[in-house]
Amino acid sequence: MTLDEVTAARSTSAPASPVRFGTILFLASELLLFGGLFAAYFGLRSRTTPWPPNGVVPDTALAALGTALLMLSSFCLARGLGHAATGNLVALRRWTVVTIALGVGFLATEAWDWTHVDFAISSNPYGTIYYTLTGIHGLHVIAGLLVLSALIARSFQGAYDTGALDGAHSMAYYWQFCDATWILIFLVVFVLR
Amino acid sequence: MRRGRLVITIAACATAVLLAGACSGSFGMPRGASEQAQETFQIWQVFFIAAIPVAGIVYVLIAWSIVRYRRRRSDPPGAQGSQRNENIPMEIVYTAVPVMIVVALFVLAIRTDDRVTAISPDPDLIVRVEAFAWGWRFTYPDGETVVSPPSGEDAAEPLMMLPHGETIRISLTSNDTIHAFWVPEFLYKHDAIPGRTFEFDVTPTEMGTFQGHCAEFCGLNHAYMNFRVQVVSRQEFDSWLQQQEAAA
Amino acid sequence: MTTTLERRPQVPAPRQRPGVVHRLVSTDHKNIGVLYCVSAFVFFLVGGALAEVMRTELMEPSRQIVSNETYNTLFTIHGTVMIFLFVAPFASGLANYLIPLQIGGPDMAFPRLNLSSFYFFIGGGILVLLAGFAAAGQAAAMGWTAYPPLSEIRLSPGVGPDLWILGLVLVVISNVMNGVNVLTTVFLMRAPGMTMWRLPVFTWNMVVVAILGLVAFPPAAAGLTLLLIGRRLGGLVYDAAAGGDPTIYQHLFWFLGHPEVYILILPFFGAITEIIPVFSRKPLFGYTGFLLATLSIGMLSTGVWAHHMFTTGVIDNPFFAAMTLLIAVPTGVKFFNWIGSMWGGRIWFAVPMLFSIGFMLNFLIGGVTGVMLASPAIDYQAHDTYFVVAHFHYTMLGGSVFGIFAAIYFWFPKMTGVMLSERLGRVVFALLLVGFNLTFWPQFVLGQRGMPRRYVDYSSGLGYDTPNFVSTIGAYVLAIAVCVFLVDVWRSLRHRSPAGDDPWGGYSLEWTTSSPPPEHNFDELPRIRSLRPAFDREHPELAP
Ligand code: HEA
Ligand code: HEA
Ligand code: CUA
Ligand SMILES: [Cu+2]
């Protein structure tokens, strides 16, 4: 008996999609990775005055630009999926490409930030936690871009032709997660300080 | 039947041995050579005495079920036990009673904790203790220090002198990695963490020499980072202090 | 009395032995489960061998066979291997094997993810072993807790600690993947009639374990990442001299470390809770209470971590003491469930039941000594002594490992189709019980007499000599017990005395299919109307 047969044999109550369910669990868990880093951030913050330490000026304006790009990208991706639900896969691809472009734009702001702030990862504990948070988030964004590329590739392979969009939605969750964690980082590191 | 009796005999013997141990009253713990240690010793007794009936009852219940409800040869094959699967009042009791026990234990434990860590407003003597890999530096108020040579297996253990019956403030720090200052007879240890200084009091109530250890793993020679504490009368302490000064 | 889900023309397939390669790449959950269990057991042998070396060194005062450096590596790798590469993966193995069977499903939700989480575990294991042995002169030697500053590059140069960190990160990834898989499987793939309140207790415990893993592992990964960044990229988060704080690591580590110990015990609470009622010929006593206890252990266990830090002076001791003491209550509930399940039964002392009883006897001591450690004042004395070492071996060896043996003897017939020997099983049990208590009871005494842990050496005349000697003898008895067990497995697999579908009169669904189960698990599923579908089918007169 295969998986689908069992799913089909099961009672009528609409079965939740395993892929979506699993992705949500995974992302909830991932959130706690950032939770650990935030805990370290607040631990340091409570022991250091002033905070950020003297001579450290995070570039809030640039980060705000990055936040805007990411939020816009989330919006675009949602539009794309909306079209996919009506069977318009071309629009899905288009919007996803826009999303990727915005994501690359975000990475560019990060790259600029990393090369232009006047403290290094080994300057002080603030520098370490700053680069770690933004760096690990950056890695997630890179992974997210790969995931979105996979989404496009799979749409060309016909994975979504039958209207089974759970995979696409799961991939999108990942991107929205990257966006959401960035907003948290922005609030904690740049706004709240 | 014979097997059942054997089990009961063994259980009885084990209980007897345990009780004999319990009657000595210290339950294996050193009785403590300072005022603070007396407190810890008492809470140890409380916890141990509380544990005896708790564990005892559970053991007796387990032993009873094993002996009483074992499958017997006379049982028909495939015989089932009672099919009862809940007993709500019982379940409430065995949840509520432990709650009461742990609440009581908590109150007592925290009162003891407060007393053990209480800090006197005017200690008679302040000793600064610095832990380093792998040795100890004891600094007395007038600046005489006793330094242990960075130790290896054969290094001499440094000595910390304390006057009997006085309240001594230990001010503890470390300058490389985490160590812990521990004198088993004082029933107290505290970590020495770089970047922080901790203070606690100890009031020795017994003369003599006690072994001290570094208790937090600190690398290669952790096992050799020992020291000794010698508690002496005030006169002896003073003359020792003068000797150290002269030597310095 | 049975609903047939599907009938396919069954050509009685000749049961060939699958080839090694097939076994290594097959995504069948039963195969992965066995892979997990076997590899984990190999890690047990490795970790046990390291422990025997440590015990031999400690048999007498002064140093005899290993250098300080080697000894420090030994306990570092011993602790890491036993916790992250033996007990936890063994539980994952059981979960992989049993959960689909117990819920009446065909496989785990994500078979390929399942196989990759196994390989992440193996990869992590190899890195940890490399950290200990391949890196001559640069081995990891900072304890399984790896506190900075000791684990920083200044005090632990060499690649060993880096490999150790990377290994643990792989283990974290493996656990997260496995957790996602377990939860998705249990929540979405149950057979018709298998409601959450009819879920076998083992599966329920694994649900809580999976949740704990998802909650506790990632923050530890954050802590380890910061450690690695400190070692290799000049990070300063833990560097006190630069304004950092080494205790941040301790918080992140124990936020995993403590839930981890429940990750190590809950699966085996689950296992013996399956076993005890079966051999008592009774239903489980207090199922609902048992589940509530499991859930509250899960919740409480994320709020007690700093009881490992009572002597650091940087935490709120009363809060963590309170949370820690409270956890005794739900654990006690489980004890009473077990007793209630035996009470009024007709207990059959087959080997799985013997190990379950051993579990109770040992774990109770581990539990009440844990309660003693939860009192901050007592912990000031007992912390980092052999008292703690004894406590945690009573819980993890006396508890989890006895549970593992109970589970092996119980489910081995299902997994292989052949029985293990009752006679040898009793010998293993007796040797383990005696050897275990002989090894670790004296360690309580050592702790009280003032012997710190992680000491390669001790002086004669402090009262440490005799207990250490006895303890080492006990450890040798343990080694013999493990050898007898290996002989038992080897012999059983050669002589193959057939087990039949249900040698014990089991309760949950796995006992309704063949041993070993077919590729698709069930040819037909019985109706599920209670906690004990297999029992209901055999005893319609007693069924609800
Ligand atoms: C399987 C693993 C496991 C389990 C289940 C436990 C269970 C418990 N542990 Fe243990 N523990 C460890 C593994 C485990 N521990 C490890 C590995 C370490 C050391 C790590 C290191 O430093 O390397 C450690 C260390 C450790 C410490 C820190 C010691 C120190 O380093 O100074 C403390 C302190 O509070 C503690 C407490 C407890 C408590 C209260 C429980 C409770 O959950 C126990 C509850 C059970 C019972 C109490 C028995 C049954 C209950 C009843 C019959 C009801 C009635 C009882 C009462 C009312 C008391 N443990
Ligand atoms: C589940 C966890 C677990 C288990 C099962 C064990 C099992 C054992 N442990 Fe372990 N132990 C820990 C977890 C565990 N330990 C942890 C976490 C630490 C703390 C580490 C630290 O401080 O960082 C520790 C520390 C620790 C110490 C303290 C070291 C110190 O502080 O200095 C000691 C000392 O006696 C010890 C002994 C033993 C012994 C004798 C066994 C025995 O039960 C082992 C029995 C197994 C065998 C005997 C297997 C025999 C093998 C063979 C027969 C074949 C071998 C062949 C090949 C490999 C090819 N352990
Ligand atoms: Cu200093 Cu251990
Ligand atoms: Cu703990």
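Chain A and chain C bury about 2900 Å² between them, and 75% of this area lies on carbon and sulfur atoms; buried area is the accessible area (1.4 Å probe) that two parts lose on being put together, summed over both. The model is predicted: local features need pLDDT of at least 70, side-chain atom pairs count only at pLDDT 80 or more, and totals for chains, interfaces and linings use all residues. Residues are numbered from 1 along each chain as its sequence is written, while chains are lettered from A and ligands numbered from 1 in the order in which they are written.

**Interface of chains A and C**

- In this interface, 35 residues of chain A are in contact with 36 residues of chain C, where contact means heavy atoms within 4.5 Å.
- The rule finds 1 salt bridge across the interface, defined as a side-chain nitrogen of Lys or Arg within 4 Å of a carboxyl oxygen of Asp or Glu.
- This salt bridge joins the side chains of A:Arg47 and C:Asp245, with 3.5 Å from N to O.

**Copper site in chain C**

- The copper ion (ligand 4) lies 4.5 Å from the iron atom of ligand 1.
- C:His307 is buried, at 13% relative accessibility, whereas C:His308 is partly exposed, at 22% (buried means under 20% relative accessible area, exposed over 50%, partly exposed in between; 1.4 Å probe, protein chains only).

Key. Side-chain values use heavy atoms; hydrogens and water are left out. Donors are N, O and S atoms within 2.8 Å of the metal (3.2 Å for Na, K and Ca); water is not among the atoms, so sites may look incomplete.
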